[in-house]
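Dear colleague,

Please find below the structure that I am handing over to you. My notes on it follow directly after.

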Amino acid sequence: MMGLVWSVLGILSGAFIAVQAPINAQLARGLGLPVAAAAFSFLSGAVVLGIVSVAFTRYNDISLDWRAPAPWLFVVGGILGASYVTLSTILIPRIGAAALMAFLVAGQLLAGMLLDRIGFLGMAVREISLGRIAGAVLLLAGALLVRLY
């Protein structure tokens with residue numbers, strides 16, 4: 001049962017990405033600068049997540065161990081996220097929502113296969129099989145079809 005719940009949440013998360021991109025593109029048009037739109041998107045998200053984090057830690061009577069993670073982890077995730085939001089804001093008016101989502105999923109799959117293969121940051125190692133390669137090729141072909149036709 002929980003497998004179904006996690007799958008539905010994954011689909012919902014993907015839908016949020018699809019909706020976020022045109023919202024940020026509209027914000028960029030209004031502001032006149034995609035980077036500014038991405039900055040405000042991250043600022044509002046950071047404020048909300050900060051409030052939720054404070055509430056969660058107080059409600060569950062836990063404290064954060066600020067010394068535990070490697071220092072670079074505090075920055076790199078934000079840089080990658082900011083890059084994603086900025087690029088999506090720039091690309092969506094140029095290639096459309098469907099093509100952008102298709103290329104995003106293709107990029108996520110290719111990167112995910114590489115990260116699985118090397119066991120990035122302690123992830124379980126998963127081999128790149130013929131089935132995975134075939135799936136990636138089909139997904140890339142699908143992304144190109146969505147973009148070109």
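Leu12 is found in helix 1, which covers residues 2–31; helices here are DSSP runs (H or I, at least four residues), numbered from the N terminus. The model is a predicted one, in which local features need pLDDT of at least 70 and side-chain atom pairs count only at pLDDT 80 or more, while totals for chains, interfaces and linings use all residues. Residues are numbered from 1 along each chain as its sequence is written, and side-chain values use heavy atoms, with hydrogens and water left out.

With a relative accessibility of 41%, Leu12 counts as partly exposed; buried means under 20% relative accessible area, exposed over 50%, and partly exposed in between (1.4 Å probe, protein chains only). Leu12 belongs to a nonpolar surface patch together with Met1, Met2, Leu4, Val5, Trp6, Val8, Leu9 and Phe16, and the patch has about 980 Å² of accessible area. Such patches are made of residues with over 30% relative accessible area and no salt bridge, with nonpolar side chains (Val, Leu, Ile, Met, Phe, Trp, Tyr) joined within 5 Å and like charges within 9 Å. The areas come from the Shrake-Rupley method with a 1.4 Å probe, and for residues only the protein chains shown count as cover.

Helix 1 packs against helix 2 (residues 34–59) at an angle of about 125°, with the axes 8 Å apart. Against helix 4 (residues 97–118), the angle is about 130° and the axes are 11 Å apart. Axes are lines fitted to C-alpha atoms, for helices over the stretch in contact, and angles run from 0 to 180 degrees between N-to-C directions.

How many salt bridges are there? The count comes to 3, a salt bridge being a side-chain nitrogen of Lys or Arg within 4 Å of a carboxyl oxygen of Asp or Glu.

- Arg132 and Asp116 meet in a salt bridge at 3.3 Å, N to O. Arg132 lies in helix 5 (residues 130–148) and Asp116 in helix 4, so the pair ties together parts 16 residues apart in sequence. Asp116 is buried at 15% relative accessibility, whereas Arg132 is partly exposed at 28%.
- Arg117 forms a salt bridge with Glu127, the closest N and O atoms being 3.5 Å apart. Arg117 is in helix 4 and Glu127 in the loop between helix 4 and helix 5, 10 residues apart.
- Arg67 pairs with Asp65 in a salt bridge at 3.8 Å between the closest N and O atoms. Arg67 is exposed at 76%, and Asp65 is partly exposed at 44%.

Yours sincerely

Notes: Helix = DSSP H or I, 4+ residues; strand = E, 2+ residues; numbered from the N terminus.
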